[in-house]
Amino acid sequence: MIKSHKIAALATILTGAMSLLASPAMAFSIGTTNNTETLKNNLLGTKTEGLSDFSVSITGNEAAFGTFINDPFGLQSGVVLSTGRVADIAGRNLKDNVITNGFDLNTDFGEKGATGDLTQINLSFFANSMAEKLLFEYVFGSEEFPEFGGSKFNDNFELLLNGENLAKLSDGKAVTINNLVPNADNRSTDSSDYINNPAVGGLAANIIKLDGYTKVLGFEGFLKPNQRNVLSIRVQDVGDGNLDSAVFIKGGSVRVAQVEAVPEPMTVGGLMAGGAMLAAGRKLRRRK
(Lines give C-alpha, C1' and ligand atoms only; values in the text may rest on other atoms or scores of the structure.)
Protein backbone atom coordinates (compact mmCIF):
# COMPACT_ATOMS: atom_id res chain seq x y z
CA MET A 1 0.00 0.00 0.00
CA ILE A 2 2.79 2.43 0.93
CA LYS A 3 4.74 1.60 -2.25
CA SER A 4 1.72 2.29 -4.45
CA HIS A 5 1.16 5.55 -2.57
CA LYS A 6 4.76 6.66 -3.33
CA ILE A 7 4.41 5.64 -6.98
CA ALA A 8 1.24 7.72 -7.25
CA ALA A 9 3.02 10.74 -5.76
CA LEU A 10 5.95 10.30 -8.21
CA ALA A 11 3.55 10.12 -11.13
CA THR A 12 1.93 13.33 -9.93
CA ILE A 13 5.32 15.09 -9.81
CA LEU A 14 6.11 14.00 -13.39
CA THR A 15 2.71 15.21 -14.51
CA GLY A 16 3.49 18.56 -12.90
CA ALA A 17 6.70 18.91 -14.89
CA MET A 18 4.82 18.15 -18.09
CA SER A 19 2.06 20.61 -17.21
CA LEU A 20 4.56 23.48 -17.32
CA LEU A 21 4.86 22.84 -21.06
CA ALA A 22 1.11 22.99 -21.59
CA SER A 23 -0.40 25.44 -24.05
CA PRO A 24 -1.88 28.78 -22.89
CA ALA A 25 -5.34 27.29 -23.44
CA MET A 26 -4.64 25.07 -20.42
CA ALA A 27 -3.74 27.94 -18.10
CA PHE A 28 -3.64 27.56 -14.33
CA SER A 29 -6.74 29.15 -12.85
CA ILE A 30 -8.46 29.44 -9.49
CA GLY A 31 -12.13 30.07 -8.81
CA THR A 32 -13.24 31.46 -5.47
CA THR A 33 -15.94 29.49 -3.66
CA ASN A 34 -16.80 28.74 -0.05
CA ASN A 35 -19.71 26.48 -0.96
CA THR A 36 -19.20 23.50 1.33
CA GLU A 37 -20.88 21.03 -1.03
CA THR A 38 -18.62 22.11 -3.90
CA LEU A 39 -15.52 21.83 -1.71
CA LYS A 40 -16.56 18.38 -0.46
CA ASN A 41 -17.28 17.05 -3.94
CA ASN A 42 -13.91 18.28 -5.20
CA LEU A 43 -12.05 16.62 -2.33
CA LEU A 44 -13.62 13.18 -2.33
CA GLY A 45 -12.52 10.47 -4.72
CA THR A 46 -14.40 7.38 -5.85
CA LYS A 47 -12.60 5.05 -3.44
CA THR A 48 -14.31 6.02 -0.20
CA GLU A 49 -15.89 2.65 0.59
CA GLY A 50 -16.42 2.39 4.33
CA LEU A 51 -17.03 6.11 4.80
CA SER A 52 -20.49 7.64 5.08
CA ASP A 53 -22.53 10.51 6.49
CA PHE A 54 -20.19 13.29 5.33
CA SER A 55 -20.52 16.84 6.62
CA VAL A 56 -18.38 19.91 5.94
CA SER A 57 -17.83 23.12 7.89
CA ILE A 58 -15.47 26.03 7.22
CA THR A 59 -13.83 28.86 9.16
CA GLY A 60 -12.39 31.94 7.51
CA ASN A 61 -12.99 34.65 4.96
CA GLU A 62 -15.07 33.58 1.95
CA ALA A 63 -12.31 34.81 -0.39
CA ALA A 64 -9.83 32.34 1.15
CA PHE A 65 -11.44 29.19 -0.33
CA GLY A 66 -11.55 27.99 -3.89
CA THR A 67 -11.03 25.34 -6.53
CA PHE A 68 -8.24 25.16 -9.10
CA ILE A 69 -7.38 23.50 -12.41
CA ASN A 70 -4.20 23.03 -14.47
CA ASP A 71 -1.83 23.83 -11.62
CA PRO A 72 1.97 23.79 -12.02
CA PHE A 73 2.42 21.02 -9.42
CA GLY A 74 0.75 18.19 -11.34
CA LEU A 75 -2.26 17.88 -9.07
CA GLN A 76 -4.42 18.77 -12.11
CA SER A 77 -7.37 20.09 -10.08
CA GLY A 78 -8.65 20.33 -6.55
CA VAL A 79 -9.32 22.57 -3.56
CA VAL A 80 -7.17 25.48 -2.37
CA LEU A 81 -7.15 27.28 1.00
CA SER A 82 -5.14 30.43 1.68
CA THR A 83 -4.49 33.00 4.39
CA GLY A 84 -5.21 35.55 1.66
CA ARG A 85 -7.39 35.76 -1.44
CA VAL A 86 -7.07 32.57 -3.49
CA ALA A 87 -7.94 34.52 -6.64
CA ASP A 88 -4.62 36.39 -6.34
CA ILE A 89 -2.39 33.29 -6.44
CA ALA A 90 -2.41 32.49 -10.15
CA GLY A 91 -0.29 34.71 -12.39
CA ARG A 92 3.29 35.82 -12.95
CA ASN A 93 5.56 36.08 -9.91
CA LEU A 94 6.94 39.62 -10.10
CA LYS A 95 8.14 40.21 -6.54
CA ASP A 96 9.93 37.49 -4.63
CA ASN A 97 11.69 39.12 -1.68
CA VAL A 98 10.17 41.56 0.80
CA ILE A 99 13.59 42.91 1.68
CA THR A 100 14.74 43.67 -1.88
CA ASN A 101 11.75 44.04 -4.19
CA GLY A 102 8.53 43.62 -2.21
CA PHE A 103 5.72 41.10 -2.47
CA ASP A 104 2.68 40.30 -4.58
CA LEU A 105 0.62 38.10 -2.23
CA ASN A 106 -0.26 40.03 0.90
CA THR A 107 -3.83 40.02 2.22
CA ASP A 108 -4.59 40.73 5.87
CA PHE A 109 -8.18 39.72 6.63
CA GLY A 110 -10.03 41.26 9.56
CA GLU A 111 -8.19 43.29 12.16
CA LYS A 112 -4.57 44.22 11.53
CA GLY A 113 -2.34 41.29 12.47
CA ALA A 114 -2.73 37.52 12.43
CA THR A 115 -6.23 37.66 13.97
CA GLY A 116 -8.77 36.73 11.33
CA ASP A 117 -6.24 35.03 9.06
CA LEU A 118 -7.22 31.45 9.92
CA THR A 119 -8.64 29.43 7.04
CA GLN A 120 -9.94 25.96 7.86
CA ILE A 121 -12.15 23.25 6.41
CA ASN A 122 -13.44 20.34 8.50
CA LEU A 123 -14.58 17.14 6.83
CA SER A 124 -16.48 14.91 9.25
CA PHE A 125 -17.58 11.35 8.41
CA PHE A 126 -18.37 7.93 9.86
CA ALA A 127 -15.83 5.15 9.21
CA ASN A 128 -16.84 1.50 9.44
CA SER A 129 -14.60 -1.36 10.57
CA MET A 130 -13.19 -1.98 7.08
CA ALA A 131 -11.91 1.58 6.52
CA GLU A 132 -8.31 1.54 7.79
CA LYS A 133 -6.51 4.64 6.43
CA LEU A 134 -7.29 8.00 4.87
CA LEU A 135 -5.03 9.09 1.98
CA PHE A 136 -4.61 12.10 -0.33
CA GLU A 137 -1.99 14.29 -2.04
CA TYR A 138 -1.26 17.98 -1.47
CA VAL A 139 1.17 20.89 -1.91
CA PHE A 140 1.95 23.69 0.56
CA GLY A 141 3.32 27.04 -0.59
CA SER A 142 3.98 30.50 0.79
CA GLU A 143 5.01 34.06 0.02
CA GLU A 144 7.10 33.85 3.22
CA PHE A 145 9.68 31.76 1.34
CA PRO A 146 12.60 31.93 1.42
CA GLU A 147 13.57 35.12 3.26
CA PHE A 148 11.58 34.35 6.42
CA GLY A 149 12.82 30.78 6.78
CA GLY A 150 14.06 30.24 10.32
CA SER A 151 12.18 33.27 11.67
CA LYS A 152 9.21 33.81 13.98
CA PHE A 153 6.99 34.43 10.95
CA ASN A 154 6.33 30.73 10.55
CA ASP A 155 2.81 30.54 9.12
CA ASN A 156 0.93 27.60 10.59
CA PHE A 157 -0.17 24.72 8.37
CA GLU A 158 -1.77 21.53 9.66
CA LEU A 159 -3.57 18.46 8.37
CA LEU A 160 -5.33 17.16 11.45
CA LEU A 161 -6.94 13.74 11.57
CA ASN A 162 -8.89 13.50 14.81
CA GLY A 163 -6.69 16.22 16.28
CA GLU A 164 -3.30 14.79 15.25
CA ASN A 165 -1.22 16.78 12.77
CA LEU A 166 -0.10 14.41 10.00
CA ALA A 167 1.28 17.00 7.56
CA LYS A 168 4.76 15.49 7.25
CA LEU A 169 7.79 15.97 5.04
CA SER A 170 9.61 12.97 3.60
CA ASP A 171 12.00 13.05 6.60
CA GLY A 172 9.09 12.85 9.04
CA LYS A 173 9.26 16.47 10.19
CA ALA A 174 6.15 18.65 10.22
CA VAL A 175 5.44 20.68 7.09
CA THR A 176 6.40 24.20 8.21
CA ILE A 177 8.19 27.12 6.64
CA ASN A 178 11.05 26.76 9.12
CA ASN A 179 11.46 23.04 8.43
CA LEU A 180 11.48 23.63 4.67
CA VAL A 181 13.88 26.59 4.83
CA PRO A 182 15.62 26.39 8.24
CA ASN A 183 18.10 29.18 7.51
CA ALA A 184 17.44 31.85 4.91
CA ASP A 185 21.14 32.77 4.96
CA ASN A 186 22.32 29.21 4.35
CA ARG A 187 20.26 27.70 1.57
CA SER A 188 22.21 24.44 1.64
CA THR A 189 20.02 23.53 4.61
CA ASP A 190 16.80 23.67 2.57
CA SER A 191 14.63 20.56 2.74
CA SER A 192 14.76 18.24 -0.26
CA ASP A 193 10.97 18.67 -0.40
CA TYR A 194 11.25 22.43 -1.04
CA ILE A 195 11.06 24.06 -4.49
CA ASN A 196 12.14 27.69 -4.77
CA ASN A 197 10.16 29.85 -7.21
CA PRO A 198 11.97 33.19 -7.69
CA ALA A 199 10.60 35.82 -10.06
CA VAL A 200 13.58 35.28 -12.35
CA GLY A 201 14.30 31.66 -13.21
CA GLY A 202 11.61 30.05 -11.07
CA LEU A 203 10.25 26.84 -12.58
CA ALA A 204 6.67 28.11 -12.27
CA ALA A 205 7.31 31.87 -12.01
CA ASN A 206 5.19 32.56 -15.10
CA ILE A 207 2.25 30.66 -13.63
CA ILE A 208 2.06 31.17 -9.87
CA LYS A 209 3.02 34.03 -7.54
CA LEU A 210 4.03 31.93 -4.53
CA ASP A 211 7.78 32.33 -3.90
CA GLY A 212 8.20 28.70 -2.88
CA TYR A 213 6.27 25.49 -2.42
CA THR A 214 6.70 21.82 -1.63
CA LYS A 215 6.92 18.86 -3.90
CA VAL A 216 3.72 16.84 -4.03
CA LEU A 217 3.39 15.27 -0.59
CA GLY A 218 1.25 12.36 0.53
CA PHE A 219 -1.06 12.33 3.54
CA GLU A 220 -1.69 9.03 5.31
CA GLY A 221 -3.50 8.51 8.60
CA PHE A 222 -5.22 5.70 10.46
CA LEU A 223 -8.96 6.04 10.96
CA LYS A 224 -10.93 5.25 14.10
CA PRO A 225 -13.26 2.37 13.16
CA ASN A 226 -16.99 2.38 13.84
CA GLN A 227 -17.11 6.04 14.85
CA ARG A 228 -16.97 9.56 13.47
CA ASN A 229 -13.64 10.92 12.26
CA VAL A 230 -12.72 14.52 11.45
CA LEU A 231 -10.16 15.73 8.91
CA SER A 232 -9.21 19.39 9.43
CA ILE A 233 -7.19 21.28 6.80
CA ARG A 234 -5.93 24.63 8.09
CA VAL A 235 -3.54 27.47 7.29
CA GLN A 236 -2.98 30.50 9.50
CA ASP A 237 -0.76 33.57 9.59
CA VAL A 238 1.65 33.64 12.53
CA GLY A 239 3.45 36.71 13.92
CA ASP A 240 1.55 39.13 11.68
CA GLY A 241 -1.08 39.14 8.97
CA ASN A 242 1.35 39.76 6.13
CA LEU A 243 2.38 37.48 3.26
CA ASP A 244 0.02 34.70 2.24
CA SER A 245 0.39 30.93 2.55
CA ALA A 246 -1.74 28.31 0.82
CA VAL A 247 -2.41 24.59 0.59
CA PHE A 248 -3.59 22.75 -2.52
CA ILE A 249 -5.39 19.40 -2.14
CA LYS A 250 -5.50 17.16 -5.21
CA GLY A 251 -9.06 16.84 -6.43
CA GLY A 252 -10.68 13.46 -5.90
CA SER A 253 -7.65 12.13 -4.05
CA VAL A 254 -9.24 11.82 -0.60
CA ARG A 255 -9.68 8.07 -0.44
CA VAL A 256 -9.60 5.04 1.83
CA ALA A 257 -7.29 2.07 2.21
CA GLN A 258 -9.32 -0.92 3.30
CA VAL A 259 -8.43 -3.38 6.04
CA GLU A 260 -7.04 -6.52 4.42
CA ALA A 261 -9.42 -9.41 4.90
CA VAL A 262 -8.07 -12.25 7.08
CA PRO A 263 -9.52 -15.76 6.55
CA GLU A 264 -11.59 -16.83 9.52
CA PRO A 265 -10.03 -19.69 11.52
CA MET A 266 -11.86 -23.03 11.36
CA THR A 267 -13.88 -24.00 14.41
CA VAL A 268 -13.18 -27.19 16.36
CA GLY A 269 -16.26 -28.73 14.78
CA GLY A 270 -15.05 -27.79 11.33
CA LEU A 271 -11.64 -29.32 11.97
CA MET A 272 -13.23 -32.56 13.21
CA ALA A 273 -15.50 -32.73 10.17
CA GLY A 274 -12.56 -32.12 7.87
CA GLY A 275 -10.58 -34.87 9.60
CA ALA A 276 -13.46 -37.32 9.26
CA MET A 277 -13.78 -36.61 5.54
CA LEU A 278 -10.04 -37.12 5.05
CA ALA A 279 -10.14 -40.46 6.89
CA ALA A 280 -13.13 -41.63 4.82
CA GLY A 281 -11.28 -40.74 1.64
CA ARG A 282 -8.30 -42.84 2.69
CA LYS A 283 -10.53 -45.88 3.38
CA LEU A 284 -12.10 -45.63 -0.07
CA ARG A 285 -8.68 -45.56 -1.71
CA ARG A 286 -7.57 -48.67 0.22
CA ARG A 287 -10.68 -50.59 -0.89
CA LYS A 288 -9.92 -49.82 -4.51
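These legends accompany close-up views of a predicted model.

**View 1. The whole chain, for orientation.**
The protein chain holds 4 helices and 14 strands. Of its 288 residues, 44% are buried. Among contacts with a separation of 6 or more, 78% link residues 24 or more positions apart. The accessible surface comes to about 14,200 Å². Carbon and sulfur atoms account for 56% of that surface.

**View 2. The largest nonpolar core.**
This core has 39 residues. L134, Y138, F157, V175 and F219 have the most contacts inside it. Strand β6, residues 131–142, gives the most to this core, with 5 residues. A second core is separate and has 17 residues. I30, L105, Y213 and A246 are included in that second core.

**View 3. The surroundings of L134.**
L134 is among the residues with the most contacts inside the largest core. Leaving aside residues up to four places away in sequence, L134 touches L51, F125, L161 and L231, among others. Its partners also include F219, E220, G221 and L223. V254, R255 and V256 are touched by L134 as well.

Side chains alternate along β11, residues 217–222. L217, F219 and G221 point to one face and are buried. Strands β6 and β11 run antiparallel, joined by 6 bridges. K133 stands opposite F222 of β11.

**View 4. N93, a buried loop residue.**
N93 lies in the loop between β4 (77–82) and β5 (118–127). N93 counts as buried because its relative accessibility is 0%, and the cut-off for buried is under 20%. The side chain of N93 makes a polar contact with the side chain of D211. The distance of this contact is 3.0 Å.

**View 5. K209 and the residues it meets.**
K209 sits in the loop between β9 (194–196) and β10 (212–214). Its side chain reaches the backbone oxygen of D88 at 3.1 Å. K209 and L94 are 115 residues apart in sequence. In space, their C-alpha atoms are 7.3 Å apart.

How values were computed
Residues are numbered from 1 along each chain as its sequence is written. This is a predicted model: local features need pLDDT of at least 70, side-chain atom pairs count only at pLDDT 80 or more; totals for chains, interfaces and linings use all residues. Side-chain values use heavy atoms; hydrogens and water are left out. A nonpolar core is a set of buried Ala, Val, Leu, Ile, Met, Phe, Trp, Tyr and Cys residues joined through side-chain atoms within 4.5 Å. Buried means under 20% relative accessible area, exposed over 50%, partly exposed in between (1.4 Å probe, protein chains only). Helices (H or I, at least four residues) and strands (E, at least two) are DSSP runs, numbered from the N terminus. Contact means heavy atoms within 4.5 Å. A polar contact is a pair of N or O atoms within 3.5 Å; within protein, one must be able to donate a hydrogen and the other to accept it, and residues adjacent in sequence count only if both atoms are side-chain atoms. Two strands pair if DSSP finds at least two bridges between them. Accessible areas come from the Shrake-Rupley method with a 1.4 Å probe; for residues, only the protein chains shown count as cover.
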